[in-house]
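Please find below a note on the model, arranged as numbered points. It concerns the two ligand sites and a few individual residues.

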Amino acid sequence: MPLKKRHHDFGWLLIVCAGLLPLVLGILCTAIEARHTVHQQQISTANTLLTQAEKMSDNAWDMITELRQYHYQPCAQIEDQLQRAGTLNPYFRSIGMLKGGDISCSSAFGLKHGTLTEMMLQPPPTTGKAWWSISVRGTYGVQNRPAVVFVRQLPDTSGFWAVIDGQYLMDFMNAIGGSRGYQMSLQFSGGAVIASGQNDMRPKLYMKSEAFQADSSRYPITVSVTVPASELLKAWRQALFIFLPMAAIFSILLMILTANWLRRRISWHDEIGRAIRARQFSVHYQPVYSNTLHACAGAEALLRWQRPNGDMIRPDIFISAAEAEGMIVPLTQHLLELMAEDIQDWQVEPGFHIGLNLAAEHLQHADFVTDIELFAERIKDKQMCITLELTERSLIEDGEMVARKLRHLRAQGMKVAIDDFGTGHCSLTYLLTFPLDYLKIDRGFINAIEGLDVETPVLDAIINLCHKLELDVLGEGVETATQFEYLRQRGVIFIQGYYYARPLDNDRLRAWLSEQGHKPLLVEEHHEPELHHS
Ligand code: G
Ligand code: G
Ligand code: MN
């Protein structure tokens, strides 16, 4: 049986997918989470570095403000104070005064003058501003270590300057990110790059590490922090380490659930097929009374499943299982087969109604019309009136196509009824969409009848609706004389329920039809003493 084999293979695939789903989702989520974590660290590191650079700038500008007290004083007089200030304050490489483009005094070189360009190893930027700062790759005194130059120009061409050693910034960068392999860099006014960390960040193909840049709002400082891919992987590994055991448990659970579901599903599907072949199904028929004929007007076919061990399986269970697992069509075809066999022995008046329940899937099925026509053909000589009961349990899709099929069958003398009317979600739409002859009012509404003189508004409304639409009404699940009388008084023609007759197997039905079928149902007063009370 190749078809069955495919079914099982598909099942395995489904179980594997169920197992993989939590893992794949977990790997994806942790990757996103790790990226996010690393990015947050990157931002906070960049901000820390920026704050430190701003603090150093504050220091430098404070120093330059201090230096203004030496304005107009010759270098020889102030050299000592300059040296002391430059040495005792942290961060500074040197400080001094300017005269035009020349250094007029310096804490590092005293009277030995040079130009600003010579000290910075590059020409000063042309900013046009009185205050400026720039990072440089070295100064005259320390040529191979970066520094930051701060200059305050006064209107009389003199000025003050301070140089902060880049080593402080580089040490700070190493302290905050060196151990994690962060690569950081910092620039003042787009000058030389002061950088830390390994410069040989070989780009990893599978995971690019992106640089994050931050700018100071107070000074022309830009910092950039790059996290190596290894950090990302580490964060990912950590997240996975926490998440993976959970995902594994979920994965196993989901696999067990899927396997269980599949087993149940496969077993219902196969069981119903086997039961059909083993003829475990039979049909019971529940007689329907007519208030105009004053006799039995028909019967509804109800499927029954008895296992070989004698257990009955409840119809609502196996019918929903068959509907859920694509077996309702073969099952209904089997029902028609069994009914056709049973009906051969019946002795009924022409026009006797035979009702059968149809599932939405069957109505939508391509074989539906042929199935019913074949059945009609087989019981043709009994001249029965076949009643197709559409249940509202499952929604009928493509109503227009189904309506066409029903019109076609109705043209051949069949009737269409809505079963369990009022319990479904589409009762009223069905009234518009389908050609109808009857409504079968669900027994829930019949149960609500409390007495002949007590109103039952919803039930009354449904009955009125039927009269307006010129549909025949059938009351389902009528169990008491009160219910029977109540419905009769309100013009409900057809009655079905234990009060009149229970569902009977084929043999009992035939016996019942010949004994009781023609008798009117009399509601005698002594049957129902409460009639007088209410
Ligand atoms: O009497 P009973 O317990 O048989 O019915 C339970 C439910 O099963 C009812 O809602 C009835 O409509 C449904 N049912 C019984 N027989 C059939 C059948 O042959 N086909 C379909 N589709 N439903 C049925
Ligand atoms: O197709 P429908 O859902 O109408 O199926 C009728 C169902 O109602 C069947 O399960 C049948 O056995 C059940 N039934 C028929 N008459 C009565 C009744 O008087 N009382 C109750 N409780 N159930 C009934
Ligand atoms: Mn029914």
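The points that follow take the ligands in turn and then turn to selected residues.

1. The structure is a predicted model. Every distance, area and angle quoted here is to be read as computed from that prediction.

2. The surroundings of ligand 1. Which residues surround ligand 1? The shell consists of Leu 302, Leu 303, Arg 304, Pro 315, Ile 319, Leu 335, Asn 357 and Arg 393. Sorted by class, these residues comprise 5 nonpolar, 1 polar and 2 charged. Strand S11, which spans 295-306, and helix H6, which spans 315-324, each contribute at least two residues to the shell. S11 provides the largest share, with 3 residues.

3. Arg 304 places a polar side-chain atom 2.6 Å from an oxygen atom of ligand 1. The backbone is also involved: a polar backbone atom of Leu 303 is 3.0 Å from a nitrogen atom of the ligand. For Asn 357, a backbone N or O atom lies 3.5 Å from a nitrogen atom of ligand 1. On its own, ligand 1 exposes 490 Å², of which the protein buries 81%. The space that ligand 1 takes up is the largest pocket.

4. How many residues lie around ligand 2, and which of them come nearest? There are 15, and the nearest are Asp 419, Arg 443, Glu 476, Glu 479 and Tyr 498. By class, the shell of ligand 2 divides into 4 nonpolar, 4 polar and 7 charged residues.

5. An oxygen atom of ligand 2 is found 2.9 Å from a polar side-chain atom of Glu 300. Asn 357 has a polar side-chain atom 3.0 Å from an oxygen atom of ligand 2. With Tyr 498 the backbone takes part, a polar backbone atom being 2.7 Å from a ligand oxygen. Ligand 2 sits in the largest pocket. The elements giving two or more residues to its shell are S11 and strand S15, the latter covering 415-421. S11 gives the most, with 3 residues.

6. Strand S11 gives 3 residues to the shell of ligand 1 and 3 residues to that of ligand 2.

7. Asp 420 in strand S15. Asp 420 lies in strand S15, an element that supplies two or more residues to the shell around ligand 2. Its phi angle is near 50 degrees, a positive value in a residue other than glycine. Is Asp 420 buried or exposed? Asp 420 is classed as buried because its relative accessible area is 16%, under the 20% limit.

8. Thr 157 in a loop. A positive phi in a non-glycine residue also occurs at Thr 157, where the angle is near 65 degrees. Thr 157 belongs to the loop between strand S4 (147-153) and strand S5 (158-165). With a relative accessibility of 46%, Thr 157 counts as partly exposed, since this value falls between the limits of 20% and 50%.

9. Thr 30 in helix H1. Helix H1, residues 2-67, contains Thr 30. The side chain of Thr 30 forms a polar contact of 3.1 Å with the side chain of Trp 236. Thr 30 has a relative accessible area of 5% and is therefore buried.

10. Ser 94 is part of strand S1, residues 92-99, and is buried at a relative accessible area of 7%. Its C-alpha atom is separated by 98 Å from that of Gly 444, 350 residues away along the chain. Asp 342 is found in helix H7, residues 328-343, and counts as buried at 15% relative accessibility. Asp 342 and Ile 446 are 104 residues apart in sequence, with 31 Å between their C-alpha atoms.

Note on methods:
Residues are numbered from 1 along each chain as its sequence is written. Chains are lettered from A and ligands numbered from 1 in the order in which they are written. This is a predicted model: local features need pLDDT of at least 70, side-chain atom pairs count only at pLDDT 80 or more; totals for chains, interfaces and linings use all residues. Side-chain values use heavy atoms; hydrogens and water are left out. A residue is near a molecule or strand if one of its heavy atoms lies within 4 Å of it. A polar contact is a pair of N or O atoms within 3.5 Å; within protein, one must be able to donate a hydrogen and the other to accept it, and residues adjacent in sequence count only if both atoms are side-chain atoms. Accessible areas come from the Shrake-Rupley method with a 1.4 Å probe; for residues, only the protein chains shown count as cover. On a 1 Å grid over the protein atoms alone, a cavity is a set of points where a 1.4 Å probe fits but cannot get out, and a pocket is an open set with protein on both sides within 12 Å along at least five of seven lines; lining residues have an atom within 4 Å of a point. A molecule sits in a cavity or pocket if more than half of its atoms lie within 2 Å of its grid points. Helices (H or I, at least four residues) and strands (E, at least two) are DSSP runs, numbered from the N terminus. Ala, Val, Leu, Ile, Met, Phe, Trp, Tyr, Cys and Pro count as nonpolar, Asp, Glu, Lys and Arg as charged, and the others, Gly among them, as polar. Buried means under 20% relative accessible area, exposed over 50%, partly exposed in between (1.4 Å probe, protein chains only).
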